[in-house]
Amino acid sequence: MDETIAIYFDAWNEPDVAERRRKLGRSLTDDVELVDPTGRWQGITGVNDRIAQYQATAPGTAIVAASGVDGHHDIARYAWKCVNSNGNTVVDGIDIVERDGSGRLKRIVLFHGLQPPVD
């Protein structure tokens, strides 16, 4: 797993707000934008708030990698899953991210669930 994305995943599972913010500061740009089916968040504070919201609504779960990282031209994609305390998948997802020149994430677009079937 890519180090920056591994730190970002760690932030999703970090219950301590200050430590989570530190991890986000290492993996995200200050002006990061996160977009998912539930909304849009700006900056590290916004992403920190989004993660706190997730943790409050899905206690006892964790976000884990479900694939390696594939990327080109500062754009990357990877799969993740939300698992419960027994390790069972609650939801699958995929992120498409854009990086800055140092490799930190500056735009994150999350998709929840598997890709839809072809009509």
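**Figure 1. Trp12 and Tyr54, an aromatic pair.** Trp12 and Tyr54 are both buried, where buried stands for under 20% relative accessible area, exposed for over 50% and partly exposed for what lies in between (1.4 Å probe, protein chains only). The model is predicted: local features need pLDDT of at least 70 and side-chain atom pairs pLDDT 80 or more, while totals for chains, interfaces and linings use all residues. Residues are numbered from 1 along each chain as its sequence is written, and side-chain values use heavy atoms, with hydrogens and water left out.

**Figure 2. Aromatic pairs around Trp12.** There are four aromatic pairs in the structure; rings of Phe, Tyr and Trp (its six-membered ring) pair if their centres lie within 6.5 Å, and planes under 30 degrees apart count as stacked, over 60 as edge-to-face and the rest as tilted. Tyr8 and Trp12 are an edge-to-face pair, because their planes stand at 90°, with the ring centres 6.3 Å apart. These two residues are four apart in helix 1, so about one helical turn separates them. Helices (H or I, at least four residues) and strands (E, at least two) are DSSP runs, numbered from the N terminus. Tyr8 and Trp12 are both buried. Trp12 also forms an edge-to-face pair with Tyr54, at 5.5 Å centre to centre and 65° between the planes. Since Trp12 lies in helix 1 and Tyr54 in helix 3, this pair ties together parts that are 42 residues apart in sequence. Ring pairs link Tyr8, Phe9, Trp12, Tyr54 and Tyr78 into a cluster.

**Figure 3. The buried residues of helix 2.** Helix 2 spans residues 17-27, and its residues Arg20, Lys23, Leu24 and Ser27 are buried. They lie on the same side of helix 2 because they cover an arc of only 100° around the axis, the arc being that of the directions from the helix axis to the C-beta atoms. Among the elements that cover these buried residues are helix 1 (3-12), strand 1, helix 3 (43-57) and strand 7 (105-112). At the start of helix 2, a side-chain oxygen of Asp16 comes to within 3.3 Å of the backbone nitrogen of Ala18.

**Figure 4. The surroundings of Asp36.** Asp36 belongs to strand 1 (residues 28-36). Asp36 counts as buried because its relative accessibility is 6%. Its side chain makes polar contacts with the side chains of Thr38 (2.6 Å) and Arg50 (2.8 Å). A polar contact is a pair of N or O atoms within 3.5 Å; within protein, one must be able to donate a hydrogen and the other to accept it, and residues adjacent in sequence count only if both atoms are side-chain atoms. Not counting residues up to four places away in sequence, Asp36 touches Trp41, Arg50, Leu110 and His112, with contact meaning heavy atoms within 4.5 Å.
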